[in-house]
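Subject: Structure handover

Hi,

Here is the structure I promised you. Please open it alongside this email, and my notes follow below.

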Amino acid sequence: MGYRFPSPIARDRTNGKPSRPMSSVITRFAPSPTGPLHLGHAHAALFAWQAACDQGGRFLVRIENIDRQRCRPAFESEILEDLAWLGLDWVRPIRRQSEHFSDYQSALDQLIALGVVYPCRCSRKDIAAATRAPHLEFESRKRDRDDNQGDEGLPYPGTCRPSAPSSSRPPVALDAPLALRLDVARALALTGPLVWFDRAAGCQQATPERLGDVVLARKDSPTSYHLSFTVDDALQGVTLVTRGTDLFHATHTHRLLQALLSLPTPEYHHHPLLTDAQGRRLSKRDGALALRTLRETGYTPAMVRAAASMLVASGLP
Ligand SMILES: [Zn+2]
């Protein structure tokens with residue numbers, strides 16, 4: 001089984017624009033320029049593009065490059081070239097996270113003012129030692145860090161969470177702690193119960209405690225995946241977030257951040273990830289399935305779109 005991704009080029013167009021009336025649906029594809037796009041990325045990009053096109057909406061591209069050590073401008077150029085080769089078109093200009101750190105800082109300041117942020121001095125090693133509990137195996141923890149999505153290697157055990165009420169907490173500064181974390185319990189006490197809607201899974205009661213007190217900023221990075229992702233989707237007016245089911249639990253956290261920051265809540269559609277024949281999700285290690293490699297070995301955009309529409313990458317034509 002798979003999805004049907006018709007040729008983007010075959011769309012009805014009038015003066016280069018879709019002939020159907022524009023709707024308010026806005027989707028986006030948000031790759032990290034840490035390597036070349038592979039078939040799994042094509043699947044995600046086509047899914048978002050299709051969701052916009054089906055409703056005469058708009059498709060955006062966002063470059064998620066807050067990790068300035070691992071992201072490379074050269075990969076960004078390649079990604080855009082690959083997407084264009086695939087036949088996709090998007091609204092210009094694209095948004096690059098590295099150009100918007102002030103937006104994330106402003107959101108962080110709002111959260112600090114609400115008293116739902118606390119400094120954490122734990123190293124990843126400290127957290128790993130404190131959380132050796134096999135039953136707490138969340139999908140997000142298994143996420144391939146190659147994709148730069150999510151910085152929560154392990155759920156935080158709450159070692160540094162203050163017991164004092166927020167009003168009596170000292171001011172939060174980033175110079176000493178390694179990270180600033182979201183106090184999920186305190187935040188939920190402010191917002192009350194929250195819900196969000198997934199087109200595949202239906203209405204969801206938000207349970208941000210699943211990922212726990214996520215990092216909002218690190219000493220070496222003034223924002224985090226969760227914070228920048230939530231802020232960007234709101235600032236770009238994204239109305240439908242499409243992404244892999246590996247990020248389903250992260251959406252609970254993002255819903256909480258939206259409520260705290262008074263941001264609108266988009267609809268979601270978490271879709272299955274493309275896997276290899278053994279059922280493993282594709283990663284940048286699967287160099288053979290890089291769009292660039294497929295292109296160089298003679299695959300046409302139509303063939304790659306057909307392959308990307310499958311849920312198992314063994315379906316290469
Ligand atoms: Zn800590």
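In what order do the three strands of the open sheet with parallel pairing stand? The order is β3-β4-β5. Keep in mind that this is a predicted model.

**The parallel sheet**

The edges belong to β3 (26-29) and β5 (95-96). Each of these has a single partner strand, so one side of each is left without a neighbour in the sheet. Strand β4 covers residues 58-63 and is joined to β5 by two bridges. To find this pairing on screen, go to isoleucine 63, which stands opposite arginine 96 in β5.

**The antiparallel sheet**

There is also an open sheet of three strands with antiparallel pairing. Its order is β6-β7-β10. Here β6 (117-120) and β10 (215-218) are the edge strands, with a single partner each, so one side of each lacks a neighbour in the sheet. On average, neighbouring strands of this sheet are turned by 25 degrees against each other, direction ignored.

Now follow β7 (residues 179-182). Four bridges join β7 to β6. Three bridges pair β7 with β10. Some residue pairs to look up:

- Cysteine 120 has alanine 179 in β7 as its bridge partner.
- Leucine 180 has alanine 217 in β10 as its bridge partner.
- Arginine 181 stands opposite valine 215 in β10.

Are the faces of β7 covered or uncovered? Both are covered. Ala179 and Arg181 are buried on one side. Leu180 and Leu182 are buried on the other.

**Helix α6**

Why is helix α6 (residues 225-235) described as largely enclosed by the rest of the structure? Ten of its eleven residues are buried, so the rest of the structure largely encloses α6. The buried residues are Tyr225, His226, Leu227, Ser228, Phe229, Thr230, Val231, Asp232, Asp233 and Ala234.

What covers them? The cover includes β4 and β5 from the parallel sheet. It also includes β10 from the antiparallel sheet. Helices α3 (101-113) and α7 (248-260) contribute too, as does strand β11 (240-244).

Best wishes

Terms used: Residues numbered from 1 in each chain as written. Predicted model: local features only at pLDDT ≥ 70, side-chain atom pairs only at ≥ 80, totals over all residues. Pairing = 2+ DSSP bridges. Axes fitted to C-alpha atoms, helices over the stretch in contact; angles between N-to-C directions. Buried ≥ 20, exposed ≤ 12 C-beta atoms within 10 Å, placed from the backbone. Contact = placed C-beta atoms within 7 Å.
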